[in-house]
Structure formats: structure tokens, C-alpha cells
Amino acid sequence: MAAGQPRVFLVDDHELIRTGIRSELSGSLDIVGEADEVDAAIEMIVERTPDVVLLDVHMPGGGGLAVLNAVSHKCPDVRFLALSVSDSSEDVISLIRAGARGYVTKNISGPDLLDAIYRVAAGDAVFSPRLAGFVLDAFSLEGKSLEAGDVDPDLDLLTPRERQVLRLIARGYSYRDIATELEISSKTVESHVSSVLRKLQLSNRHQLSHWASERHLN
Amino acid sequence: MSIESPPRAVIGSPHRPFRRGVDNAILGGVCGGLAIRLGVNERTIRIIFSLLALASGVGLLLYMLLWLTLPRSNETQSIAHRLLGRRRELHRALFGLILVVGFIIVLDRLGIPSLGIYTWPFLLSLAALIGVWRGATPVEHVHLEELVRSAPLIRVPASPTKKNLLLRVLLGTVLVLLGLRTLSRLHGVWGGTTPVLFGTIILIAGMLILLAPWWLATLSELSGERRARVRVEERANVAAHLHDSVLQTLTLIERAAGDESAVVRLARNQERELRQWLFDPDHHVADDEVGTYASHLHAMESEIESDYGVKVELVVVGDCAADADVLALVAAGREAAINAARWSEAPLVSIYAEVEPTTVSLFVRDKGKGFDVETIPHDRQGIALSIRQRMCQHGGSSTLKSTPNVGTEVQLSLPRAT
């Protein structure tokens, strides 16, 4: 186990998925444990404090959200990457709002998953094209839900640059492609994406809080 | 995020919104809810309501009215709202109301001393109670059933003893006889309404006590049976669907095991179909409709995925109606995507579509082998030309960017007709 490899914990109720991820990544990552249900996951994550938790969205007993809510205030340093079989953003937006640093779909290729895990471990955000599209939609300038007095420009509006970056992600550009295209550094791209993630988590825009409360009721 | 109501009244601190209580409910939770709303002790409210009910019956009517029209805490619709939403229930309710009002008017006309001032509130409340029973949610039904079950005398003990049974039969019989006797003492049909009502109530109470165990058992058996049947039907539905689609596809995959691209194509198709069935059951692209930009793009996505065995990642932001110009844009995009699927050797084609106030745009990108734009092979030049021509005809523009071994992107945009 080489030093500097992120310590990763797997949470998924499907044995096949866990086995697949483990066999694909065990050489490049330090996999410190895995769990197939919510309660065991919470207990072991708190005990082992991994760098990154790969978290299945849909599980019996509250799903990934229950794990995230239980662990995040006890171990603020543990970062979460949501793993979803469905690529509809509605499914993962509540996890992002609860603090996950991004999400990937289960049919992601091994190298891409590895890249995403390393990025999350470094404190960056992972946006898929679809999530970028959802954010552009949710933060659209035509948003009818915005009352003039309610807008907090720091949280409820995207800067033109952030919009540009999200558009490129939605078009299938990698962070490096974006840096080349906009002639800025990769670090700057990452900081734009992180700032969008923060807005996504904190904004009170109707479409976002709507999703959150809808999930909450379920 | 909804603001949680306190489960009980907090004295001195009124709380909005006005809802019927759940945790502090005895009957319908009206008093409990009112106590929470006003920040007053529940018992005070209950005493006031009882006094109002005794004084003129208005308390009773007010209670039933609130029961019907206030949503329960944690619920969004009131019973009345639910009843009004069902046409058949609405008809029944109207019919029942007319019947009750008619009955009372007849009593008044005949100058019969009925229950006096209690008549109206009592009968209307009875009608409201029936309404509550018909319109209550399953959760509230459980609460009401428990209430009936735990009522003294009607209560069915878990293990009925002989003594218990004897007491029940004895008491029930006495009450039934008493009721019948009161009724039989009347002179003529309308000898006096008070004994009629009084006798009827005693008779009903007696029968309730006698028949309660049997009635309650039937009730719970029925609802249990209904629930089981719904579950079986649901399961049959799921099984039928899984058999029709998933099992068939798995068989096809087994048969096509040697052909990698066929397997991928089958799996992708099945995945898309299953996903739609699971997560988006209401979404059917109607063939007869003109459709929107997004619906045409989604159709194109599935078509290219199944025809060329590549994964297409489509992201759409915004949407608009599909007029002739937009259809031309989609057609040009389709050519670009097919081009990418055929020649780029990339496993993934990314398509991004955006509708802005003044423009509609479409980006088709692959990370395939790319080519030098200056030396486009002839067979591909035709396609590039046809895309450009198509866009020009409709007042739009197209840009082609490609770098060998990095990828290709076709950018299409169209000004929006306003």
C-alpha cells in the first residue's frame, strides 16, 4: 500500500458492485472497508475515518442520505462521492445538498472513477455532464421563483464564468479540456466548480429546496 | 423543509398553521389542534366544547365542521377536500344531506316536539360523522378503528372469557329489550319523537354491544383481504413486466454472447427501457404530437444508441416547441452524432442542447481519433457540407472543430424566432 493513496470506504448493498469496484481499483487505492447496509456503514465509517466514502444512493433503511446525515457532523473530514445507478439528477441532488462532493453513475469506467475519487479526496467537486445541466437549469436566469428581495447574489446566482465552465462540462469536456479551452489553469477550473457546488448546497432557490423537501417527506 | 408542529400545546405560545392534532387527539384531534394553535391547555378547550355542545348543540356541530375541514397535522388535504375530489362521494354526501334536512323539515312541519334545539346539530353532526368515516385517510382510519375498539363495552378483549361473553350478551339483550319496549309503548306512528329517538338509540347501543366482536372481526378481515389482493396484483404486474422485457433481453444476451457490440446494445436498450418504467412511468413520447426540442433529442439519443452501439450522453437545458427550424437543427445534429458514432471510434458521444431566450444551440462531441479539418476525407466532407447547408437554409450556423487523437466537436446554433 503506497503512501498518498486515498483511503476509501465502499457502501453499497449489492455484492456484485462492491466486488467490481474493489477488483478494479484495489491496486490504486487503499480500500479500508465496505458495508452493505446503513447502520453498519455509519459505525465503521466513524471508526475508520476514511478519506473518501463511495456511497450508494439507493439502499434499504434510508439510503445514502441516512449515512451521510449520520456521519457528516461526527466526522467533517470524511468526504462523500455518491454512486448512483440512475443518472437523473433528482436522485442525487439531496445527497449533494446534504454534503456529498459529487456523484458518478455506476457504469462509469474504472479510470474515470479513480479520477473522480482522487479529485474528491483532494477536496474538489465532481460534476457529471448531467448534473451540470441540472444546475444550469436550476439556476436559470428566467427562474420564476426568485422574488426580488430574496436573492442572495453570493448564493443564488452563477457568475458568467461559472456558467461557462458548467456549459463545457455539460458538453462533455474534462477539467483539463476546459482549462485549455478557456485558457485558464486547471486549478482555476476546479475552484469554479467548487464554488458552484457550494452554491448548490446553500442556495435557497425554489427548485433546489423543492427537491430537498420532497425527498425529506419521502 | 416543513416546520414541525409541536405534538402538544405549548402553553402561552400560539403556533401556526391551524391543523388537527395527531399525538394529542382523542377523537378527531380538533381540540388538540386548537390548543396547539392558541397555546392553551387541551383540557380547557375540551371543557369549552363540551359546554357548548350541552348548551345548544352548537359545540358538537362546530367540532364536526372543523373535523371535516381542517387537514390533519402532517397531511395536506382535509377530509372535506378529499371527499369533494371524488365525484361518487360527492353525490352520496349531497344525497345524505338532502335526506337529513328533509327529515328535519318534516319533523318541524308536523309540529312534533323532537329533540328541540338539539335536532339540527345532532342530525347534521351524524351526517358529518359518516362523511369523516368515508373520507378519512388510512392512517386516520386506523386511529378511529382503535378508538371504536377501545371504547368501553364495545371493546373486544384479546382473549374473551366466558364471564365476559355472558356479561356482553346479558347487557346487550337487556338494552335491546328496553329499546323495543320504549318503541312499542308509542301510541300511533308519530306518538312522540323523543321516545322514538330515545328508543332507537338504546336499541342501536344494545345491538352494537351484542354484535361488536363479529362486526370488528369482519371489518379487519375485509381490509386485510383487500390489502393482500392489491399486493398480489401489484406483484403480478411487476412479474409480467420483468418477464416481458428483462427476461427476454437476458435470453437474447445469452444467445449473442459472442458478439460484444450486440450485447452492449441489448443491455443499453434494456437499461433505458427499465429505467423509464421505474422512474418515469408517466413519460411517454406521443407519436402523434409535434413534440418539443427535448423530446426529439431523446428519441434521437435512443435511436443512435441502438443503431450504432455507442453510448450517447444527452444533456438538455431548457426546452422549446419543435418548429421546422428546430427540426432541421435536430436533423443536422443527428448527422453529426451518427458521424461521430461511425468514424470516431470513441465509445461515447456527448450531446449538449441549450435553449436560451435568443438562440437554440446543439453541441455534438466525441473524444475519438479526430482528423485534420484541412484534409477531410471525401466521404466525410459530404456530411460536413450537408450539415452546414442545412443550418444555412434555416438561418443558423455551424462550426466544426477537430484535432487528431483528441476529438471532434460540431457546434450548431439557430436564432430563435420570437
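Guide: Two strands are said to pair if DSSP finds at least two bridges between them. Helices (H or I, at least four residues) and strands (E, at least two) are DSSP runs numbered from the N terminus. The model is predicted, with local features requiring pLDDT of at least 70 and side-chain atom pairs pLDDT 80 or more, while totals for chains, interfaces and linings use all residues. Residues are numbered from 1 along each chain as its sequence is written, and chains are lettered from A and ligands numbered from 1 in the order in which they are written.

On one side, β1(A) pairs in the parallel sense with strand β2 of chain A, residues 30-35, over 5 bridges. Within that pairing, A:R7 lies opposite A:D30 of β2(A). Strand β1(A) is also joined by 4 bridges to strand β3 of chain A, residues 52-56, and these two strands again run parallel. Here A:V8 faces A:V52 of β3(A), and A:V11 faces A:L55 of β3(A).

Why is β1(A) described as largely enclosed by the rest of the structure? The reason is that 4 of its 5 residues are buried (20 or more other C-beta atoms within 10 Å of the residue's own; 12 or fewer would be exposed and anything in between partly exposed, with C-beta atoms placed from the backbone).

These pairings belong to an open sheet of 5 strands in chain A, ordered β2-β1-β3-β4-β5, with parallel pairing. At its edges stand β2 and β5 (103-105) of chain A, each pairing on one side only. From one strand to the next, the twist in this sheet averages 25° (axes are lines fitted to C-alpha atoms, for helices over the stretch in contact, and angles run from 0 to 180 degrees between N-to-C directions). Helix α3 of chain A, residues 63-72, lies across β1, β3 and β4 (79-84) of chain A and runs at about 150° to β3(A); contact requires C-beta atoms, placed from the backbone, within 7 Å.

Chain B holds a sheet of its own. Its 5 strands form an open sheet in the order β1-β2-β3-β5-β4, and the pairing is mixed. Strands β1 (311-317) and β4 (397-403) of chain B stand at the edges with a single partner strand each, so one side of each has no neighbour in the sheet. Helix α12 of chain B, residues 324-343, lies across β1, β2, β3, β4 and β5 (407-415) of chain B, at about 10° to β3(B).

Chain B as a whole contains 13 helices and 5 strands. Of its 418 residues, 23% count as buried. Among contacts in chain B between residues at least 6 apart in sequence, 63% join residues at least 24 apart. Helix α2(B) is followed by B:G57, whose phi is positive, near 85°.

Note on methods:
Contact = placed C-beta atoms within 7 Å.
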